[in-house]
Amino acid sequence: MEIVSLSDHNEILKAFGEIKAAFPDFEKEVNLSDYLKKLSDFARVYAAVDNMETVGFCAAYMNDEIKREAYITLFGVKNERKRSGVGTQLFEKVCDEAKKAGMTSLRLEVKKSNQAARAFYEKQNMTHDGENETSYFLVKQL
């Protein structure tokens, strides 16, 4: 397996299409076409690829030069590849790239109902940094 950087809009569309089952309600929440275009324009997008198949996907913004905070906006691993190290390798790649970009912390939001994701992020040394009615906010110092 390798972690690859995706910058072309068509590459991002293809990779997301291969893994969209990891985000079951996502298309109900956003206009997918507009969202993926925004990612290709402003975010750094990474895919975990195994035997030419996308098994993990992450998009993160690393452009806050004032606060120097990166923000993971989308992170997912195919259900059949969870707990196999894919997520950890993808997360570590994003952390490394954020450091190289001059970021000093990494943030994300996780739904309160997604306990498995929260446990995964806490295993990656992310800590609680607030919450609202539906989500927890987590942070990791880089």
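Which residues do ring pairs link into a cluster? I looked this up first in the predicted model. The cluster consists of F16, F23, F26, Y35 and F57.

**Aromatic pairs**

I counted 11 aromatic pairs. I then took F16 and F26. Their ring centres are 6.0 Å apart and their planes meet at 50°, so I logged the pair as tilted. F16 belongs to helix α1 (residues 9-19) and F26 to helix α2, so this contact ties together parts 10 residues apart in sequence. Both F16 and F26 are buried.

Next I checked F91 and F120. This pair is edge-to-face, with 6.2 Å from centre to centre and 90° between the planes. F91 sits in helix α4 and F120 in helix α5, so the pair ties together parts 29 residues apart in sequence. I noted F91 as buried, because its relative accessibility is 1%, under the 20% cut-off.

**Charges over Y136**

I looked at the ring of Y136 for charges. The charged end of K112 sits over this ring, 5.3 Å from its centre. R118 also lies over the face of Y136, at 3.9 Å from the ring centre.

**Largest pocket**

I turned to the largest pocket. It holds about 1,300 Å³ of space. Its lining has 39 residues, and F75, G76, N114, A117 and Y121 are the closest to the centre. By class, I found 20 nonpolar, 11 polar and eight charged residues in the lining.

Which element gives the most to this lining? I found that β4 does, with seven residues. Elements that each supply at least two lining residues include α2 (26-29), β4 (69-77), α4 (86-100), β5 (105-111) and α5 (115-123).

How values were computed: Residues are numbered from 1 along each chain as its sequence is written. This is a predicted model: local features need pLDDT of at least 70, side-chain atom pairs count only at pLDDT 80 or more; totals for chains, interfaces and linings use all residues. Side-chain values use heavy atoms; hydrogens and water are left out. On a 1 Å grid over the protein atoms alone, a cavity is a set of points where a 1.4 Å probe fits but cannot get out, and a pocket is an open set with protein on both sides within 12 Å along at least five of seven lines; lining residues have an atom within 4 Å of a point. Grid points are joined across faces, edges and corners, and a volume is the space filled by probe spheres set on the points. Helices (H or I, at least four residues) and strands (E, at least two) are DSSP runs, numbered from the N terminus. Ala, Val, Leu, Ile, Met, Phe, Trp, Tyr, Cys and Pro count as nonpolar, Asp, Glu, Lys and Arg as charged, and the others, Gly among them, as polar. Rings of Phe, Tyr and Trp (its six-membered ring) pair if their centres lie within 6.5 Å; planes under 30 degrees apart count as stacked, over 60 as edge-to-face and the rest as tilted. Buried means under 20% relative accessible area, exposed over 50%, partly exposed in between (1.4 Å probe, protein chains only). A charge sits over a ring if NZ of Lys or CZ of Arg is within 6 Å of the ring centre and within 35 degrees of the ring normal.
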